[in-house]
Amino acid sequence: MLKYLLVAFRMTAVTVVLLGFLYPLLITGIAHLAFPARSSGSFVRVGGRIVGSRIIGERWTQARYFHGRPSAAGSAGYDPLSTGASNLGPDSKKLIARVVARIATLRKENPRESGMPPIGLLTASGSGIDPDISPSDARYQAERIAAARAIPLRRVLAVITAHTKPRTFGFLGEPRANVLALNLALDRVNGASTR
Amino acid sequence: MTLTGWLQAVVIFAVLIACTKPLGSYMFAVFTGRRTWLTPLLAPLERALYRITGVRADDEMNWRQYALAMLGFSFVGFAYLFALLLVQGSLPLNPQHFPSLSPGLAWNTAISFLTNTNWQFYAGESTMSYLSQMAGLAWHNFVSAGVGIAIAIAVVRGFAAKGAGSLGNFWVDLTRACLYVLLPISMVAALVLTAQGVPQNLNAYRTVTTLGGGKQTIVGGPIASQEAIKELGTNGGGYVNANSASPNENPTPLTNALEIFLILLIASGLTYTYGKMVGDTRQGWAIFAAMFALFWLGFATIYHAEASGNPLVHQLAVRGGNTEGKETRFGIAGSSLFIEATTGTSTGAVNASIDSFMPIGGLVALLNLQLGEIAPGGVGSGLYAMLEFVVLTVFIAGLMVGRTPELLGKKIERREVQLAILAILVTPIFVLIPTAIAALLPAGSSTLGNAGPHGFSEILYAFSSTNANNGSAFAGLGGDRFYYIATGISMFFGRFFVAIPMLALAGSLAEKRPVAAGAGTFSTASPTFVLLLLGTILIVGALTFLPADALGPIADHYLLYAGRTF
């Protein structure tokens with residue numbers, strides 16, 4: 001047994017160096033050279049200042065911006081240091097109460113929209129930092145944004161169309177729009193400064 | 001359900017089938033010491049590794065020596081990670097200055113990674129230093145997968161041996177699994193992942209002011225390199241708490257497809273390796289067929305349940321499938337497929353919240369674990385778990401026709417059947433008994449996240465998952481000392497009390513000389529055998545677990561459709 005432990009000890013030491021250090025450091029080096037923006041976190045800059053990451057969702061509250069899905073990450077939602085889902089079962093009283101409350105809030109925030117809010121805006125994502133919404137989640141908010149920005153509805157709809165990504169290769173995943181990209185596009189339409 | 005949703009699953013599966021033979025042949029060459037196209041590059045490294053560690057590559061081991069070497073290596077790996085986590089606070093590569101872990105959490109995490117379970121009682125992004133992630137957790141991802149492959153190869157050698165009694169050399173199998181199989185595929189996968197947006201850096205987290213005026217901290221770290229081996233090695237311990245649901249680990253539909261593919265890749269390839277090693281590739285395809293019959297049955301059931309949606313939400317006049325706990329970019333099809341893949345193997349990575357799945361979706365995930373993860377199973381462990389059912393099926397078939405059962409020309413006798421049954425019994429013993437104890441003790445139920453049958457499902461799932469070395473969770477269970485200890489024990493027995501009986505069985509078969517097949521020999525490569533094998537798996541699984549599952553997800557389903565909430 002002692003013989004095995006001795007070999008095991010050496011094997012651990014050697015493989016830790018090879019697989020625990022050399023492998024990740026080599027990948028870090030190659031990634032840094034080949035994909036500098038993506039490997040460092042897909043940061044988005046506005047006027048030289050970093051305002052977020054392309055891949056990480058954030059909490060939006062103002063009427064003039066698209067809002068993301070409900071989030072269970074941290075107490076206020078969208079905390080990248082405490083990612084996760086609500087983990088509420090489908091027959092949980094809490095879950096149903098939350099959906100009812102979200103319907104009420106969304107109807108109040110979007111009074112011009114007569115239909116029911118789409119299910120994406122009523123259910124929390126898996127990560128709590130979902131960066132995307134579905135095209136119908138975006139269209140539901142279009143009237144509110146047009147009113148808040150005092151621009152024609154068709155310009156908001158044009159932003160949604162321009163930033164909706166189809167399924168990858170036509171069949172992988174779902175069509176979606178990145179909320180940060182949508183909001184940056186809105187600011188380009190009529191300036192970030194009009195408050 | 002949508003056509004594109006099915007198409008996504010079919011295309012990923014088609015690519016997987018296309019890779020099964022080339023990868024299987026490659027692994028056959030690697031583990032039988034033949035030359036491969038990577039040999040010129042890796043052989044000098046392999047020889048250097050043996051020189052430093054003092055391994056004599058041509059030493060043959062019998063099953064006891066093989067098991068002892070495996071246990072010795074596992075013990076050292078456990079002690080190393082346990083110590084690393086206890087002192088990470090005073091070590092370098094810790095830009096967020098995370099403190100050391102408590103002994104209970106460090107103990108649970110060390111067992112969890114040692115056994116390829118990767119149960120997460122910790123949130124990676126706010127607990128683990130970069131050093132612990134890459135040199136501790138990701139290292140275990142490699143070697144626990146390597147150990148799984150080594151055991152599977154040793155077991156197959158026992159099945160294929162012509163009376164020699166030797167199962168090979170553990171150190172050589174482990175080294176080759178890591179160097180020739182896991183490392184090259186991980187390197188390619190890690191680069192694809194980071195090209196798609198998975199971070200790979202050693203920078204500190206960055207706090208930014210958002211357009212909306214809020215503050216947000218953006219996580220960094222060597223994520224892509226860990227994500228690749230996490231899926232390929234069917235480990236599943238997330239770099240971050242939300243695991244593969246987080247865009248940090250899984251940012252696009254393409255990475256989602258790649259991760260599903262990686263999860264299934266080695267287990268599929270090993271079926272072909274098995275066929276080559278026993279000298280009849282049809283044997284391997286028969287096992288492949290049984291594994292993926294279960295896989296498609298599971299996927300179709302989950303996808304249907306999730307796409308049908310939640311009747312309690314539909315009552316509010318809201319339309320659509322069950323999107324709670326699922327990411328927009330994957331949708332219901334991409335989430336259902338990922339969860340089938342992760343529970344059909346020993347991975348346990350999740351891209352959606354299984355706790356929020358419909359009861360029937362959750363039931364399929366739970367049954368996948370309870371059947372022992374054979375659809376298609378963890379790296380290595382899937383194959384040897386399936387082989388224990390093969391031995392049992394051959395035995396039952398032999399009883400039916402009243403003749404001594406044979407497998408690959410070897411008589412299956414009392415000792416082999418006893419060992420296979422022992423390995424099969426570990427699952428019910430270490431799932432059902434701890435679940436019953438936890439349900440009765442206040443410590444077991446005080447931290448549940450849901451009430452009613454769904455709460456019971458959380459306990460049952462926790463022990464099914466840890467025992468099967470999966471690591472996915474119905475969440476809900478809070479990390480406290482009771483679960484640290486109880487799940488730690490469950491993981492330990494689930495790993496070693498299946499692996500050791502299987503090595504013993506292989507050792508026993510290795511000493512037998514094969515006899516020529518006669519007219520009455522039952523072919524283990526025929527469709528009849530595949531059906532009989534599936535029947536055995538489902539009957540053993542159903543008899544063992546249906547009573548417990550009836551109290552959990554099945555009761556949950558009926559009460560939900562009756563309009564009850566908890």
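This is a predicted model: local features need pLDDT of at least 70, side-chain atom pairs count only at pLDDT 80 or more; totals for chains, interfaces and linings use all residues.

Reader: What makes B:Asn116 count as buried or exposed?

Author: A residue is buried if 20 or more other C-beta atoms, placed from the backbone, lie within 10 Å of its own, exposed if 12 or fewer, and partly exposed in between. B:Asn116 has 32 C-beta neighbours inside 10 Å, so it counts as buried. B:Asn116 also has a positive phi of about 65°, although it is not a glycine. It is found in the loop between α4 (103–114) and α5 of chain B.

Reader: Why is B:Ala317 called exposed?

Author: B:Ala317 has 9 other C-beta atoms within 10 Å, so it is exposed. B:Ala317 is not a glycine either, yet has a positive phi of about 70°. Its place is in the loop between α10 (311–314) and α11 (331–344) of chain B.

Reader: What makes the peptide bond from B:Ala375 to B:Pro376 cis?

Author: Its omega is near 0°. B:Pro376 sits in the loop between α12 (359–370) and α13 (381–401) of chain B.

Reader: Which strands of chain A form an open sheet, and how is pairing decided?

Author: Two strands pair if DSSP finds at least two bridges between them. β4(A) and β5 (residues 176–178) of chain A are joined by two bridges and run antiparallel. One bridge links A:Thr164 to A:Ala177 in β5(A). The open sheet has three strands in the order β3-β5-β4 (chain A).

Reader: Why are β3 and β4 of chain A called edge strands?

Author: β3 (132–133) and β4 (164–165) of chain A each pair on one side only.

Reader: How does the radius of gyration of chain A compare with a compact globule?

Author: The radius is taken over C-alpha atoms, and the globule rule is 2.2 Å times the number of residues to the power 0.38. For 195 residues a compact globule would have near 16 Å, but chain A has 22 Å. The C-alpha trace of chain A spans about 75 × 45 × 35 Å along its principal axes.

Reader: What makes a nonpolar core, and how many residues has the largest?

Author: A core is a set of buried Ala, Val, Leu, Ile, Met, Phe, Trp, Tyr and Cys residues joined through C-beta atoms within 7 Å. The largest has 203 residues; B:Ile151 is among those with the most contacts inside it. Helix α5 (residues 130–160) of chain B gives the largest share, 20 residues. A second, separate core of 16 residues includes A:Ile133 and A:Ala177.

Reader: How many residues of chain B are in contact with chain A?

Author: Contact needs C-beta atoms, placed from the backbone, within 7 Å. In chain B 103 residues are in contact with 83 residues of chain A. Helix α6 (residues 170–195) of chain B supplies the largest share of that side of chain B, eight residues.

Definitions and conventions:
Residues are numbered from 1 along each chain as its sequence is written. Chains are lettered from A and ligands numbered from 1 in the order in which they are written. Helices (H or I, at least four residues) and strands (E, at least two) are DSSP runs, numbered from the N terminus. Two residues are in contact if their C-beta atoms, placed from the backbone, lie within 7 Å.
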